[in-house]
Amino acid sequence: MLRALEIARWDLECEFNNTDHRTELNGVEQLIVRRGQPFTINLHLRSGEYQPGGSALDLTVETGPQPSDQYGTRASFGLTDQIDTSRWSAAVTSPPGYMVSLSICSPPDAPIGRWRLTLGQGGLVEFVLLYNPWCTGDVVYMDSEEKLAEYVLAQDGIIYRGSWKYLIPTPWNFGQFEDGILEACLRILEMNPKCLRNPGKDASGRKNPIYVSRVLSAMVNCNDDKGVLLGRWTDDYDGGVSPLSWKGSVEILRNWDTNACQPVRFGQCWVFAAVACSVSRALGIPCRVVTNYNSAHDTNSNLVIERYVDENGQLVQKSRDMIWNYHCWVENWMTRPDLKPGYDGWQAMDPTPQEKSEGVYCCGPIPLKAIKEGELTYKYDAPFVFAEVNADVHTFMKRKDGSTEKIISSVQVGLKISTKSVGSDRREDITHLYKYPEGSDEEREAFTKANHQNKLLQQQTNAGLLIAIKVSAEMKKGCDFDVFAVVTNNTPNGKKCRLVFGSRAVSYNGILGENCGFKDLLNVELAPGEEKRVPLRMNYSKYAENLTEDNLIRLGALLLDYGTQEAYLAVRNVVLENPEIKVRILGEPKENRKLVAEITLQNPLPVPLQNCCFTVEGSNLTGGQIITEKLNSTVEPGQDAKVKIYFTPTHSGQRKLVVDFDSNKLCHVKGYRNVIIGK
């Protein structure tokens, strides 16, 4: 008869296990392990010795409030000769004696979350189980250590903003291993409406990253639930802060977790995406933030964006359809056993609340290949994402008498889809993962499959008159500069035209602001083959007070041919360049040694800067805190704003020190410095 082991105490070996499971950056105070991989617990016996074949130990694991063997949220098992990685199992790995080294393994499809382990008659152990992209049996398995270092372990990164002609790399501190962040991520799962309605079913659903990704897409925004972030796309940030003020996810997730799950105010698309990336990586799902330039927001699912301009070429809001200057979402890596073979890998998932999916503000996950192939019936939300990168744009002029007519305009959506490269701060263009080359047979086949008739029927015509917008080489905030409407007559006849050339401030999601400069030329004469460049002066004194925090100006040039009554429109967004933040590290960067960063920004404006403030954060650099340094003095034009920041790195490796500068006239300028910390 087998003798049950009597356990006096146990040691969870958190430091060893967490390091072995690549979770040690979360800390070693609690046991955090990955599914499908054994972990070790040392048992100290009250009496007797462990004898192979003569000792027994019953173990039970449970997760969620309604554990069930049927749904995989409960399992009972005993000791076996060796570990079976396909199911819950335990084996003794130590020789006979008073101390028993117990190896325990979960199946690679076990639900993630908080688990309870009962050891025999008395011992209760709690641990956290995460997805395991290092395990070949896990559906999030990724077979490249370099990619895993980037998409799971990297705590900082680059998010692309700006415009497709001027991409702005913005640093972000994901901070998924900072103190308290994993607890906040698990709480997100526990507060989701599906869990509150049916906690047993939800706990079981967490075995599936498709399900969890969909939950995260809904819970990062607060539109239907006790989600993390409240979106705001106006300049009114009363009761919160501008989305541009955030430098990372840590403060956002902590604020939500410590304030009774009240939504953090405010977020916009890159903030929603960055927080979703932090949570996905914290849970063990490989994840990256991507940016789609000229991103279409198709509200009626007809794959057409209709835009209207007045007789001065100024856009008027007549439709809910929009083209965002850029839009960010995330991609999570997993297999898709619910779809036919060939659709594994990166899946687009969008936490920004735009349109409802199955009654909830969420989007995805949808395989990138489904978007590329035009498979719009595949789960989830393929038509919306397909339109973001492929929609056709029709532009109409609305005349004063109420009539409308289509005008000739070339606007493309889905440009320069970008993400940070693996292992470096360079940009990787991933447009080819979403779409075939324009005009290719494969593109036509995808559009046919998607029933995208507008694109199929569109003819590329070489119009007799051409209009384009050219810009100066440098457009720095604080400077005056010229932009140009370039008009070309490709016809054999002389042309007489009207040219309306205007500029307005615009937010990144396409909401128009005030006028920044305007010119109306009633008699532009063009000889056959002639090209004319018409300048428009952009004066700081004119645009300064109208700019949004996005530093964007929309240029529009409308050409009216008096002879044919045809209208031609060119539109271009320009980004005004912020000054560079320079970061100099003083001293040799080493673990647990105090460092000094000297941070400098030169005032590029023709006016003084007041209320200047630098804020700094970095994972494993600033102790999970935000360091703030305010300047008491005014910074005159051309002078430097300079501070010294003191911090103590806690772990070796390359880390980003992320910097934000704010003042009365120059808002939320971003910068960073990669710091390589030695042991």
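Helices (H or I, at least four residues) and strands (E, at least two) are DSSP runs, numbered from the N terminus. The model is predicted, so local features need pLDDT of at least 70 and side-chain atom pairs pLDDT 80 or more, while totals for chains, interfaces and linings use all residues. Residues are numbered from 1 along each chain as its sequence is written, and side-chain values use heavy atoms, without hydrogens and water.

View 1. An unreviewed UniProt entry lists N390, D392, E438 and E443 as "binding site". They span 54 residues in sequence, but no two of their C-alpha atoms are more than 13.7 Å apart, so they gather at one spot. Such annotations may be inferred rather than shown by experiment.

View 2. N390 belongs to helix α10 (residues 382–390). At 5% relative accessibility N390 is buried (under 20%; exposed is over 50%, partly exposed in between; 1.4 Å probe, protein chains only). E438 lies in the loop between α11 (431–434) and α12 (441–449), and at 48% E438 is partly exposed.

**View 3. Helices α3 and α6.** The axes (lines fitted to C-alpha atoms over the stretch in contact, with angles from 0 to 180 degrees between N-to-C directions) of α3 (residues 181–191) and α6 (residues 209–219) come within 10 Å and cross at roughly 90°. That makes α3 roughly perpendicular to α6 (65 to 115 degrees). In contact (heavy atoms within 4.5 Å) are I188, L189 and M191 of α3 with V212, V215, L216 and M219 of α6.

Key. Parallel < 35°, antiparallel > 145°, perpendicular 65-115°, else oblique.
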